[in-house]
Amino acid sequence: MDRIRNPFSPGAGSPPPELAGRDAVMEQAKVLFGRVLARRPEKSLLMTGLRGVGKTVLLNEMERMAQALGYRTILVEAHENKSLAVLLAPHLRRLLFELDRLAGAGNKVRRGIAVLKSFIGGIRVNVGDVEFGLDIEPERGAADSGDLEVDLPNLFMSVAEAAEERGAAVAILIDEIQYFNTTELSALIMAMHKMQQRQLPLVLVGAGLPILPGLAGESKSYAERLFSFPDVGPLPEPDTDKALRDPIEEAGEAIDADALQAIFRLTRGYPYFLQEWGYQAWNHAAASPISLQIVNETTDQVTRRLDENFFRVRFDRLTPREKQYLRAMAELGAGPHRSSDIADKLGAKITTLGPVRASLIKKGMVYSPSHGDMAFTVPLFDEFMRRVMPVFAPGARVSGGVHD
Ligand SMILES: Nc1ncnc2c1ncn2[C@@H]1O[C@H](COP(=O)(O)OP(=O)(O)O)[C@@H](O)[C@H]1O
Ligand SMILES: [Mg+2]
């Protein structure tokens, strides 16, 4: 069929032709934005889920929603090696300057800029060329203690007060929140606590791998009170069908019911995979309707594409020891698995595996859904590991792979 009209869009963050099965979480965001505009308390949102379920797509949708409601927005993506402060400072600066251009009296915007300057001085990092332009001195002592759990709440307060003074509201959207360390997460939580207490017009929406299990003590109980954690998961079969059928029919074509069933079975409803299957099946079909046979014929091609684009990029960043650890997990199946069972598979003592486990978590390859358990962050990664390393030989050197 005509490739140019192919509606499917596999790819990180690519907006799908049909955003299926996400009405409830979008509604939750709408209520959050609406209530904060009306100065009513509401829990911030932290969407968590595995890779490829559509978190980034949702975050982008929510940014658009916030803007349509009149919010000023900041959308950032956390990285393994970039601090929260460095990530946010330039965006907060831009925001304060936008607020400065809005009509309105008062000096809270200037104060916001002074506090931001103090904050940047306090963290003593190079935020690139943060050129302030305005002749404003940093407000000493405002947000420069060097303790992020104190400074970030103070900074958010002054930004939110500046916004309030100009009749504006701010939405901060952060992707890949799992890359923040516990101090940064706890500072964010404390900052949002201040926003709620003072009912200031600043909301936070985050997305990432599950983080709650990694928080401890006070941060955890605050987080549970201040945030709701909608779980973004695979789509149930009716939504998977809709995600595939609606775009095909909208393009004036058709797909058979048994073809849809097969795609659901192959993808388990994971959004990234179903975009890829939809895309390849469309291209492979000579004419409508897309049949079961077409789906079956594309399976090898789709698997190869997923291996190359979705799985392989993550695999290539691993050391041989890390690969071996993941291969042992794969030997046990989809998971989650007890750390002790993985150690047994490797014929190693559990205590010696601490460092490799920690580096895999840092790289976002695995996470701990509950104490003592490990799970893959990428759906169907166990199957990929068995494909790329067909033989599991604990202790042996790692090399080769199906597509090498
Ligand atoms: N609700 C949905 N229905 C159909 N496809 C979706 C849906 N959400 C996301 N996708 C598709 O899934 C893929 C991955 O989305 P992305 O937002 O990058 O996931 P994540 O951020 O969770 O890793 C994209 O190709 C996107 O088009
Ligand atoms: Mg993403």
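Reader: In this predicted model, at what angle do the axes of helix α9 and helix α10 cross?

Author: The model is predicted. Helix α9 covers residues 257–267 and helix α10 covers residues 271–284. Their axes come within 9 Å, and the crossing angle is roughly 140°.

Reader: Are α9 and α10 oblique or roughly antiparallel to each other?

Author: The axes of the two helices cross at roughly 140°. Only an angle over 145 degrees would count as roughly antiparallel. The relation of α9 to α10 is therefore oblique.

Reader: Is the crossing of α9 past α10 left-handed or right-handed, and which residues of α10 make the contact?

Author: The crossing in which α9 passes α10 is right-handed. On the α9 side, the contact is made by Ile263, Leu266 and Thr267. On the α10 side, the residues are Phe273, Leu274 and Trp277.

Reader: How many residues of the contact of α9 with α10 are nonpolar?

Author: The contact of α9 with α10 includes no charged residues. One residue is polar, and the nonpolar residues number five.

Reader: How are α12 and α15 oriented to each other?

Author: Helix α12 spans residues 320–332 and helix α15 spans residues 381–388, with their axes 9 Å apart. The packing angle is about 115°. Angles of 65 to 115 degrees count as roughly perpendicular. The orientation of α12 and α15 is therefore roughly perpendicular.

Reader: What is the handedness of the crossing of α12 past α15, and how many charged residues does the contact have?

Author: α12 passes α15 in a crossing that is left-handed. Lys323, Leu326, Arg327 and Ala330 of α12 meet Phe381, Asp382, Met385 and Arg386 of α15. Four residues of this contact are nonpolar and none is polar, while the number of charged residues is four.

Reader: How are α12 and α14 oriented to each other?

Author: Helix α14 comprises residues 354–362, and its axis is 10 Å from that of α12. The two helices pack at an angle of about 90°. The orientation of α12 and α14 is therefore roughly perpendicular.

Reader: Which residues of α14 make the contact with α12, and how does the contact divide by class?

Author: From α12, the contact is made by Arg321, Glu322, Tyr325 and Leu326. The partners from α14 are Val356, Arg357, Ser359 and Leu360. By class, the contact has four nonpolar, one polar and three charged residues.

Reader: Which residues are closest to ligand 1?

Author: Ligand 1 is surrounded by 25 residues. The closest of these are Ser9, Gly13, Ser14, Gly52 and Lys55.

Reader: From which residue does a polar backbone atom lie 2.9 Å from a nitrogen atom of ligand 1?

Author: An oxygen atom of ligand 1 is 2.8 Å from a polar backbone atom of Ser9. A polar backbone atom of Gly54 lies 2.9 Å from an oxygen atom of the ligand. For a nitrogen atom of ligand 1, the residue at 2.9 Å is Ala20.

Reader: Where does Pro289 lie, and what is omega for the bond joining Ser288 and Pro289?

Author: Pro289 is in the loop between α10 and α11, the latter being 292–315. The peptide bond between Ser288 and Pro289 is cis, with omega at about -10°.

Reader: What is omega for the peptide bond joining Gly335 and Pro336?

Author: Pro336 belongs to the loop between α12 and β6. Gly335 and Pro336 are joined by a cis peptide bond, for which omega is about 0°.

Reader: What is the phi of Arg39?

Author: Arg39 is placed in the loop between α1 and β1. Although Arg39 is not a glycine, its phi is positive, at about 60°.

Conventions: Residues are numbered from 1 along each chain as its sequence is written. Chains are lettered from A and ligands numbered from 1 in the order in which they are written. This is a predicted model: local features need pLDDT of at least 70, side-chain atom pairs count only at pLDDT 80 or more; totals for chains, interfaces and linings use all residues. Side-chain values use heavy atoms; hydrogens and water are left out. Axes are lines fitted to C-alpha atoms, for helices over the stretch in contact, and angles run from 0 to 180 degrees between N-to-C directions. Helices (H or I, at least four residues) and strands (E, at least two) are DSSP runs, numbered from the N terminus. Angles under 35 degrees count as roughly parallel, over 145 as roughly antiparallel, 65 to 115 as roughly perpendicular and the rest as oblique. A crossing is left-handed if the near helix is turned anticlockwise from the far one by less than a right angle, and right-handed if clockwise. Contact means heavy atoms within 4.5 Å. Ala, Val, Leu, Ile, Met, Phe, Trp, Tyr, Cys and Pro count as nonpolar, Asp, Glu, Lys and Arg as charged, and the others, Gly among them, as polar. A residue is near a molecule or strand if one of its heavy atoms lies within 4 Å of it. A polar contact is a pair of N or O atoms within 3.5 Å; within protein, one must be able to donate a hydrogen and the other to accept it, and residues adjacent in sequence count only if both atoms are side-chain atoms.
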